[in-house]
Amino acid sequence: MYDIAAEHAAAIGAAVFLVVSLWLALRAFSELARRQFTWAVTLVETYRATSALTKLAGVLMLVSGVIHLALIPSHEGITGVLFVIDGVGFIVLGAAAFAAHWWRRPAVFWLLATIIAYVIWIIAGWETPDQIGIGCKLIELVALGLVLRLGPAGRRTWPRRIGRAVAFPMLVSLATLGIWVGGLMHPDALHAHAGALLQPVAAVATPEQREAATRLLSDTRASIARYRDPATAIAAGFKPEPVSSADPLRHFVNAGNAKAILDPKHPQALVYAQTKHGLQLIGAMYQMPRAGQWGPDPGGPLTQWHQHEGICFSPFGFEFSFETPFWTCPVGSTSITTPPMLHVWIIDNGKLGPFAADLDKTVQKQLQGS
């Protein structure tokens, strides 16, 4: 569901550089140890005496630390300061894992605090989830699991074992759900709303594009005016989709117009609002023939198409839902991606405008109460 932010790409290079550097350093120290350099012998013996789980936990914390430090230039204010603290802390703890005995409890605290803080930042909208951030949290969750497993054998009582067995998977689930919910609550610039990916377009419309957008709105409004009565739309081949209590809007789809491309005379669907006095025609929806096929954008950023991804469709009741954060659908349903679509609202759509993917919430409430 998430892409790699361009300013976060440096973290990939930093992580790869660290792993390669550690491998080269180990080879170099081993060679120096064979030549009987005392300090190199001590380092190599300390490394070999460290358990495999401790080595992995230490390396994962070092990787997380380097990623945080690499991301400092792209974060300002308190977030940037926290990234400095996190990065230095993880590097210190990762190095201590190979040479000290005190590092486990501080590591548990540091990992927990970092994971929880990230989820809070995502839900609050102070950070946008992307593959680098999610991948870093996965690294830290694995490291936390390893550190918990490395507890002293004498203290592994049944209550402690049960507590760890319950606490760790709960933390994984809560972190995953927190990132997922935060992403849905605060979509990034390429997402109109949850699951709706916007067509990449220029940031500013030209005068010609503004004129074309105005013409598309005018042509659409004039063309669909004849369908203000839903009965007329049905007679013309538009079929109403099932009523949903979760959506106050009704789409009337015409399969005969499936191959038309942004043709005001042949829209793929009409959009009605369910009001106290019946259905009110509020717009049209244009749709491309297949998923991933972006439509023509005569208005540039003003006429931006969107397609829905990660949607679960069930034939039992025709209900839609979003995939879980583990990218799975409920039993009996399947994941679908819709072809790109463009809404044209023939009523005043408030702050969102006539071509927005969504109907303005204030306008929607007004329609429901009318």
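## How the elements are named

Helices (H or I, at least four residues) and strands (E, at least two) are DSSP runs, numbered from the N terminus. The structure is a predicted model, in which local features need pLDDT of at least 70 and side-chain atom pairs count only at pLDDT 80 or more, while totals for chains, interfaces and linings use all residues. Residues are numbered from 1 along each chain as its sequence is written, and side-chain values use heavy atoms, with hydrogens and water left out.

## A nonpolar patch on the surface

Trp 102 is exposed, with a relative accessible area of 53%, where exposed stands for over 50%, buried for under 20% and partly exposed for what lies in between (1.4 Å probe, protein chains only). Trp 102 belongs to a nonpolar surface patch, together with Leu 69, Ile 78, Val 81, Leu 82, Val 84, Ile 85, Val 88 and Val 92, and the accessible area of these residues together is about 760 Å². Such areas come from the Shrake-Rupley method with a 1.4 Å probe, and for residues only the protein chains shown count as cover. Patches are made of residues with over 30% relative accessible area and no salt bridge, where like charges are joined within 9 Å and nonpolar side chains (Val, Leu, Ile, Met, Phe, Trp, Tyr) within 5 Å.

Which helix gives the most to this patch? Helix 4 (residues 77-96) does, with seven residues. Thr 79 also has its place in helix 4, but Thr 79 counts as buried, at 12% relative accessibility. When residues up to four places away in sequence are not counted, Thr 79 touches Trp 121 and Glu 127, a contact being heavy atoms within 4.5 Å.

Helix 10 covers residues 361-369, and within it Val 363, Gln 364 and Leu 367 are buried. Seen down the axis of helix 10, its buried residues fall within an arc of 100 degrees, so they line one face of the helix; the arc is that of the directions from the helix axis to the C-beta atoms. These buried residues pack against strand 5 (269-275) and strand 6 (278-287), whereas the face turned away from the buried side carries the exposed residues Lys 361, Lys 365 and Gln 366.

At the start of helix 10, a side-chain oxygen of Asp 360 comes to within 2.8 Å of the backbone nitrogen of Thr 362. A polar contact is a pair of N or O atoms within 3.5 Å; within protein, one must be able to donate a hydrogen and the other to accept it, and residues adjacent in sequence count only if both atoms are side-chain atoms.

## Salt bridges

A salt bridge is a side-chain nitrogen of Lys or Arg within 4 Å of a carboxyl oxygen of Asp or Glu, and by this rule the count comes to four. One of them joins the side chains of Glu 31 and Arg 34, at 2.5 Å from N to O. Both residues lie in helix 1 (residues 10-34), three residues apart, which is about one turn of the helix. An α-helix has 3.6 residues a turn, so residues three or four places apart point the same way. Glu 31 also forms a salt bridge with Arg 35, with the closest N and O atoms 3.3 Å apart. Glu 31 is partly exposed, at 30% relative accessible area, while Arg 34 counts as exposed at 56% and Arg 35 is exposed at 58%.

In helix 8 (residues 207-224), Glu 211 and Arg 215 are four residues apart, about one helical turn, and they form a salt bridge whose closest N and O atoms are 3.8 Å apart. Salt bridges that share partners join Glu 31, Arg 34 and Arg 35 into one network.

## Two residues with positive phi

Most residues other than glycine have a negative phi, and most peptide bonds are trans. Gln 36, in the loop between helix 1 and helix 2 (38-49), has a positive phi near 70 degrees and counts as exposed at 61% relative accessibility. Leu 262, which lies in the loop between strand 4 (249-253) and strand 5, has a positive phi of about 45 degrees and counts as buried at 14% relative accessibility.
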